[in-house]
Amino acid sequence: MKQKLWLKLLLIAAGIGFLYPMFWMVLTSLKGKSEFYVNPFGLPKEWVFTNFGEALASLDILKYSLNSVIYTFGTCLITLLFGSMLAYCITRMKFRFSRQAMFYMSVGLVIPIQVVMIPLYMMVMKMGLKGSRLSLILPYSAFQLASTVLMISAFLATLPGELEEAAAIDGCNVYQAFFKIILRVIKPAVLTRGVFIFISIWNEFAIAQVLGNTEKLRPIPVALQSFFLSVGVSHWGLIGAAVVMTSLPSVLIYCLGNKQIENALTAGAVLK
Amino acid sequence: MNRFFTKRAVFLFAFPGLALFTVFVVFPMIPQLLISFQSHNGAESTGWVGWDNYKNLLQSSVFWKAHRNTYFIVGCSLFIALPISLLLALMLDRTSPRVRAVFKFGALFPSVLSVTVIGKMWTGIYDPDWGMINSALRGIGLEGLAQSWLTNPDTVVACVAAAFLWQYIGLNCILFYAGIKAIPEQYYEAAVVDGAGFFRASVRITIPLLKDIIKYVVIVSTLGSMGMYAHILVMTAGGPGDASRSVLYQMYYKAFSMSQFGEGCAIAVIFIVECMIVSLIINKSIAREPIQY
Amino acid sequence: MKKTWIGIVTAIFLMCGLAACSGKDSPGGTSAADAGTQAQTGGAGTQAETDAAVSGEKVKLRGVYLNGDEVQNDIMDNYIKKNLAEKFPNVEIEWEGTGDLTNLLKTYSATGDLPDVWYSDAASATAIINAGNQLNMADYITKDGFIDNYVNPDALYYSDGGIYAISSGIDAFYTPAVYYNKEIFKQYNLEVPQTYDELLEVCQTLIDNGVTPISITGTTGWSVRNFLFFTILMNEDPAAAQALLSNEIDFTDERVIGALKKIEDMLNMGCFPEGVANIDFSTHCALYTEGKTAMIATMSWSYGELEAAQDTGVFMWPSSNPEVKTGQAIQIWGSTLNGWAVNAKSEHLDLAVQIAEYCTKQEALRHAEKGSSLNFKTDNAAPITSELEKERMEMYSNAELYLKPLHLNAMDSAVMAEFSTYTNLLLAGDYTAQQFSEDFNPIWKANTWFQKQ
């Protein structure tokens, strides 16, 4: 029993340890400029709420959030649609090259997206995608495709083969069968994957920093970095306010959909 | 079924995904390879230079330093972060559901934050003047250990690695836990009869049965740590000097700061080969026998 | 019911996506050739009108500016952006501010994505000029008479005889300076140091009393790269500084190593804040304005902020050689490549030149109103109001030798990136002046800056 208590305390401490930095940021955002240096970690002696307004004045959070939303949902849509179609084709259609296709896609698992940022950058600009949000959505989708196809394929492989036969008897063609029946059946896998893509793309920094580092295209993480660099912030109250406000969407989603996020993040491993 | 799965349907289903993947993942490696043999300023090629870019790289100490840093981080993630996650997961399995819920809520939290936020938080934690670590050290009378963590070339890589690993330790732990949960109860019942304690039961039963998940986590952590560059960019910009550059940061620096895109691409080509070799090694060394429950 | 909702949400996001993706800038207005003939007749303003009249819609341009300190932001917000719409009613400029001008411009240039007008910085300009992307404005501003606004037009010409950037010419009046907190100096009975040794004594007293002596910024080696190294060298031997600037000596020269050694020594002594290698520009100002350091060695454009926060005095970096008088040789700022520049491939070349001219004029106006001396003539010149700035300008006038900064006038972009890296490393400690010389000299030798000239 004694050992159990020790275990409990340790685990709870670890859990809180993961949350603490964000809590500290919230406290910081409520401190004045000079108080912070004197009292960086305690509760604010004087509660200041002006930091949020000031940070908002120089960081157009709404605009950058909209960018992030567009990238995230655009990527989800393209990846999930193309991914489940390809996975379906590989696992269930009589596709002569399905094994090769699977191997080919697994290249995407091995190569981190950042490695090809130089040619990707040159290419995207030359393709006439310059200044368009597709210049981020398409590479994102392509790189998310590999794991998506693998995961949905694994799910599809567990389904009984009679599904299509039944559909064919009902007079469906393959397209109807896919969109009306298969998609509905694989919905849990697709949704789980969607949550995963959402988290990855919402926070994506490496590629956006290179491909989307213009005023118009910046998603939240890149905008935040350029806020830290260019507005010239030595005022940690402002830093805290910006961090808190920009993390709010993820934090809210995290609190509301904790279970789904857990499923999404672990799904890849368990299915393998 | 051949009438059902027409050739046209197969094509229509396979084409969009394969095309997208080819254009944005596979194709860029071709210009990458070509540019690595040129002198290129980003706007235009100024001529073919043969193997010069590669020779320059192999002779430059920064390139090797970047490799040391990268594989140091990989090592930390495999030999420090991973065992910690596994241990936490084993402990998680032995505790009450309420504690489990509290821990899980915290553990996954860092994985939904962006690298910019994580980087800034940890820069604060490491601040030499008022940062959390130095304040704590001074508080317990270890003033001598307090130092400027991010500008000391000896500590900077470990510090950035810690921030990076902190973000994923919880996630890995939850992954392991999901694997543990999938192990049927009767395996443990046998162990209890044998009188095996926590550690013996873990080493004898749990860990061998977790092989698949461990393999998955090892692959993902290794490739993830190898590709780390955003945390460095946000926290230290590769500094002090070039002390904390990773291979990919060096690629970024060569191309975008020094306008030597040829050498940048050469680094990328070498790195792609490394990634493939590493994943092959992992695949071979952790055998893929299916586990029979 | 649920399905309907999912459908609606999906549809909305699809539409958002499509709308966003198709929102690319549509090119409007006349061709560059057309505009060229009109430019010779029309002055600023009228050109914009004709341009727009032809196309019948607002001309869209892109601009990039340096989003740095308070002065820069004041110029952009209150002098340029505010009045631009009135001055050019048919032009719409999509502005982008950045704190990292060098890298942004380099990447834009590399991909042919440069804006129409931008604030050029020397670190990226050579690469952009060599790629043929930065317009030589010499003919344009001579023809429309803009060049007549300058007291000394020669200051605009780059070494190849072209004019690639136009500026208010305030740069030549900016200098590095050491600002000190009078109260702290009084508290410890400190005198303004006249020599380098006296400066070290002042620092020692402060350190003994637990006060950090001098605030500088070390990210990208900023302070050392931009002025500290060169200023120390100048105060050791002005001839050596001149020789280095013209590539007659290299980083193995004893005097050069000596200057680096002084930085190394000061760092080891504890003259700079802890972790200086990771202190960014705004933090280094804050350290002084919050009263945490007794002095700040920085560029003089920041004086307003410093003066507002503390009772501040100023002195020039003290000489370390009995034969050199303190303040005899000073570093000024600038490069002929700093200033407003135009994209040589802009679709609205003449309009872009006019915008650049307007920005320059407004920038000059702001500086003149605050009482700064400029190369650009304005009608609004006001006397300097700040005693602190008056004092510095007096020191400025008393100097005999003015040298432009080394990093902007002797390094190509690759060398400058490495110079940043190594000066940053020097500030991290555990790295000696000797090692700096050994590591950096081969890079300096591979410099392409002097080959082009």
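Predicted model: local features only at pLDDT ≥ 70, side-chain atom pairs only at ≥ 80, totals over all residues.
## Thr28 of chain A

A:Thr28 belongs to helix H1 of chain A, which spans residues 2–29. Its relative accessibility is 0%, so A:Thr28 counts as buried. Leaving aside residues up to four places away in sequence, A:Thr28 touches A:Phe36, A:Pro40, A:Asn51, A:Trp236 and A:Gly237.

## Cysteines

Over all chains, the structure holds 0 disulfides. For A:Cys89, the closest cysteine sulfur is that of A:Cys172, and the 19 Å between the two sulfurs is too far for a bond. A disulfide would need the pair of sulfur atoms within 2.5 Å. A:Cys89 is also buried, at 0% relative accessibility.

In chain B, B:Cys265 is in no disulfide, and the nearest cysteine sulfur, that of B:Cys275, is 15 Å away. B:Cys265 has a relative accessible area of 0% and is therefore buried.

## A sheet in chain C

In chain C, 4 strands form an open sheet with mixed pairing, in the order E2-E1-E3-E9. Strand E2 (91–98) and strand E9 (339–342) are the edge strands, each pairing on one side only. On average, neighbouring strands of this sheet are turned by 25° against each other, direction ignored.

Strand E3 (residues 117–120) of chain C runs antiparallel to E9(C), and 4 bridges join them. One of the residues involved is C:Val117, whose bridge partner in E9(C) is C:Val342.

## The helix across the sheet

Helix H4 (residues 70–87) of chain C lies across strand E1 (59–66), E2 and E9 of that chain. The angle between helix H4 and E2(C) is about 170°.

Conventions
Residues numbered from 1 in each chain as written. Chains lettered and ligands numbered in written order. Heavy atoms only, no water. Helix = DSSP H or I, 4+ residues; strand = E, 2+ residues; numbered from the N terminus. Buried < 20%, exposed > 50% of the residue type's maximum accessible area, 1.4 Å probe, protein only. Contact = heavy atoms within 4.5 Å. Pairing = 2+ DSSP bridges. Axes fitted to C-alpha atoms, helices over the stretch in contact; angles between N-to-C directions.
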